[in-house]
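Good morning, colleagues. Please look at the chain as it comes up on the screen, and keep the sequence in view while I speak.

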Amino acid sequence: MKRNGVENIKRELEKGSALIVASIPNRFYLTGFETSDGYVFITNEKAYFLIDFRYVEKAKEIVDTCEVRLSTSPLTEINELCRENGIDRLFVESESTSVRFFDDLKAAVAPVQVSDSDRFDKALRDMRSVKNEDEINAIKAAQKMTDDTFTYIIERISAGRTERDVMLDMEFYMRRMGSEGVSFDFIVVSGKNSSLPHGVPTDKKIENGDFLTMDFGAIVNGYHSDMTRTVAVGNISEEQRRVYDTVLKAQLAAIDAVKPGVVCRDIDKIARDIIYGAGYEGCFGHGLGHSVGVEIHEKPLFNTRCDTVLKEGTVMTVEPGIYLENKFGVRIEDMVVAVKDGCKVLTNSRKDLIIL
């Protein structure tokens, strides 16, 4: 997979400055190698990946964006790299660096100045928000597994099966297809439980008349997918149909408006106005969507506050919902990627009301 992150960071760094990257998502984004530990050290000319004995052999095989070095004493080695490269100012990821590590780092590299600026948090966030062709292809492959899982499971949902049983069936099927894992703990909730936006699957049995909401995703080459579908079992009421139709209308209108140059909060408003206008104000309490990539929740966000201007190549979810306390809920979620003149929907599963 083509990775430009390290070179982009080099261009952002002034001579005599360096960046330490320690968070798992950013480390993976820069190296293509996921580990539980390690540090990427970048100057305006060079990049190093400090990694311990457990991973160093494989890292040398995979990582081509940095010089891989065996690490046994990271703080000492970071100090040595500062001296080797004439570094007098060191940046960290301010959003994820612990106070303990920050203090230890300052002591280890003194008199080098260690900055707590969020400059490179923002730079990495902006880089990660715009996907290249390889990244989009990985997300498409993950979504293909997710679509296939939905096709598989709707033939196997029936009254009497438990939420937990359906969830396990979905997860095992997805892993058998080759998913590297699951994007997050699957949400499979029915009946009254479906009014919980992030409900946890239980041993509750699915009943006739229930809505069943399933929120799930796969991982391919470290990139995630995210999709939600709500289906009905047996029969539904007029109220359930009205809620479903309102959510679908809101979702389609929002998707139709997604394109480069729009402000994220304006997309949220389109869906929210439809839902509130239908009489469900207060029943849609989360944002309309989020970006997806090496993490399941990335920025920018479709919500009431995000003033980010959407860029071409950004992958977003569009997931409006209505949740009626102690009754039922409906959420419909697709992934889209902003393209030159609008957006392309990456989710291919049907979303008309399915009654099983």
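The protein chain exposes about 15,800 Å², and carbon and sulfur atoms supply 47% of that area; accessible areas come from the Shrake-Rupley method with a 1.4 Å probe, and for residues only the protein chains shown count as cover. This is a predicted model, in which local features need pLDDT of at least 70 and side-chain atom pairs count only at pLDDT 80 or more, while totals for chains, interfaces and linings use all residues. Residues are numbered from 1 along each chain as its sequence is written, and side-chain values use heavy atoms, with hydrogens and water left out.

Let me begin with the overall form. The C-alpha trace spans about 70 × 40 × 35 Å along its principal axes. For 356 residues, a compact globule would have a radius of gyration near 21 Å, and the 23 Å of the protein chain agrees with this. That radius is taken over C-alpha atoms, and the globule rule is 2.2 Å times the number of residues to the power 0.38. The chain holds ten helices and 18 strands; these are DSSP runs numbered from the N terminus, helices being H or I of at least four residues and strands E of at least two.

Of the 356 residues, 55% are buried, where buried means under 20% relative accessible area, exposed over 50%, and partly exposed in between, with a 1.4 Å probe and protein chains only. Among contacts with a separation of 6 or more, 66% join residues 24 or more positions apart; a contact means heavy atoms within 4.5 Å.

Now to the interior. In soluble globular proteins, nonpolar side chains tend to be buried together. A nonpolar core here is a set of buried Ala, Val, Leu, Ile, Met, Phe, Trp, Tyr and Cys residues joined through side-chain atoms within 4.5 Å. The largest such core has 36 residues, and Ile9, Leu30, Ile42 and Phe49 have the most contacts inside it. Helix 6, residues 119-129, gives this core its largest share, four residues. Apart from this core lies another, of 33 residues, including Phe211, Tyr244, Val262 and Val318.

What does Ile9 touch, not counting residues up to four places away in sequence? Its partners are Leu19, Ile42, Phe120, Leu124 and Met127.

Gly32 follows helix 2 with a positive phi near 80 degrees.

Helix 10, residues 264-280, buries Cys264, Ile267, Asp268, Ala271, Arg272, Ile275 and Tyr280. Their cover includes helix 9 (238-257), strand 13 (298-302) and strand 15 (321-324). Just after helix 10, Gly282 takes a positive phi of about 90 degrees.

Strand 15 also contains Gly321, which is buried with a relative accessible area of 0%. Leaving out residues up to four places away in sequence, Gly321 touches Val247, Ile275, Cys283, Phe284, His286, Val330 and Arg331. By contrast, the C-alpha atoms of Gly321 and Glu67, 254 residues apart along the chain, are separated by 47 Å.

Is Thr317, in turn, buried or exposed? Thr317 is buried, at a relative accessible area of 0%, and its place is in strand 14, residues 315-318. Beyond its neighbours within four places in sequence, Thr317 is in contact with several residues, among them Asp226, His290, Phe302 and Glu333. The C-alpha atoms of Thr317 and Glu333, 16 residues apart along the chain, lie 6.5 Å from each other.

A cis peptide bond joins Ala110 and Pro111, with omega about 15 degrees; Pro111 sits in the loop between helix 5 (99-109) and strand 6 (113-115). The bond from Lys299 to Pro300 is cis, with omega near 15 degrees, and Pro300 lies in strand 13.

Where does one find Asn221? Asn221 is in the loop between strand 9 (219-220) and strand 10 (223-224). Its phi is near 55 degrees, a positive value in a residue other than glycine, and at 46% relative accessibility Asn221 counts as partly exposed. Asn326 has a positive phi of about 65 degrees although it is not a glycine. Asn326 is placed in the loop between strand 15 and strand 16 (328-331), and counts as exposed at 51% relative accessibility.
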